[in-house]
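Try each one yourself before reading its solution.

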Amino acid sequence: MIDDDLRARLARLADGLIPGTAEMPAPSAIGIAGAQLDVVLASRPDLADGVERALGAAPPAGDPIAWVEELRAIDPVAYDALVTAIVAGYYMHRDVQRRLGYPGQQPQPVVADPYPAYVHEGLLERVYERGPIYRPTPGT
């Protein structure tokens with residue numbers, strides 16, 4: 001269970017890794033340590049242990065980038081879990097997607113056509129008109 005103290009550390013680390021700009025919000029502004037973390041962990045429950053371990057080891061203050069680089073060296077699994085949770089939570093947020101111009105996954109029609117395009121285009125007509133060609137293998 002990721003408590004409020006660990007969630008506060010996550011918000012601080014996320015803001016250090018993905019700083020807000022005039023065009024894009026900071027992770028803490030979109031609830032990266034709240035609802036967004038819950039969405040990520042619901043989708044990827046395998047990340048929970050690594051995220052909790054990383055946040056438990058994170059200092060409450062200091063340079064987030066330097067600490068995450070240190071974590072990468074001492075616990076790569078926790079590093080991967082933490083960075084994945086931060087990045088996924090950020091880019092899964094609707095406001096971030098809207099600002100990036102990403103409409104989300106869109107349905108694509110599936111055409112149930114048993115013939116590939118090259119058949120419809122007539123690219124095999126010469127081969128078909130020529131008929132079968134058989135040449136015996138040398139030495140048989």
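**Exercise 1.** Leaving aside its neighbours within four places in sequence, which residues is L82 in contact with?

*Solution.* First, some ground rules. This is a predicted model, in which local features need pLDDT of at least 70 and side-chain atom pairs count only at pLDDT 80 or more, while totals for chains, interfaces and linings use all residues. Residues are numbered from 1 along each chain as its sequence is written, and side-chain values use heavy atoms, with hydrogens and water left out.

Next, apply the contact criterion, heavy atoms within 4.5 Å. With neighbours within four places in sequence set aside, L82 touches L10, L13, V51, A54, L55, W67, V68 and L71.

**Exercise 2.** Find the largest nonpolar core and the elements that build it.

*Solution.* Start from the rule: a nonpolar core is a set of buried Ala, Val, Leu, Ile, Met, Phe, Trp, Tyr and Cys residues joined through side-chain atoms within 4.5 Å. Buried means under 20% relative accessible area, exposed over 50%, and partly exposed in between (1.4 Å probe, protein chains only). The largest such core has 30 residues, and L55, W67 and L82 have the most contacts inside it.

Then assign elements, taking helices as DSSP runs (H or I, at least four residues) numbered from the N terminus. Two or more core residues come from each of α1 (4–17), α2 (35–43), α3 (48–57), α4 (64–74) and α5 (76–92). The largest share, 7 residues, belongs to α5.

**Exercise 3.** Work out why the buried residues of α4 line one face of the helix.

*Solution.* List them: P64, W67, V68 and L71 are buried in α4. Now look down the axis, using the arc of the directions from the helix axis to the C-beta atoms. The buried residues of α4 fall within an arc of 100 degrees, so they line one face of the helix. Finally, check their partners: these residues pack against α1, α3 and α5.

**Exercise 4.** Classify the aromatic pair formed by Y90 and Y91.

*Solution.* Rings of Phe, Tyr and Trp (its six-membered ring) pair if their centres lie within 6.5 Å; planes under 30 degrees apart count as stacked, over 60 as edge-to-face and the rest as tilted. The count by this rule is 1 aromatic pair. Y90 and Y91 lie 5.1 Å centre to centre with 90 degrees between the planes, which is edge-to-face. As for burial, Y90 is buried at a relative accessible area of 2%, whereas Y91 is partly exposed at 41%.
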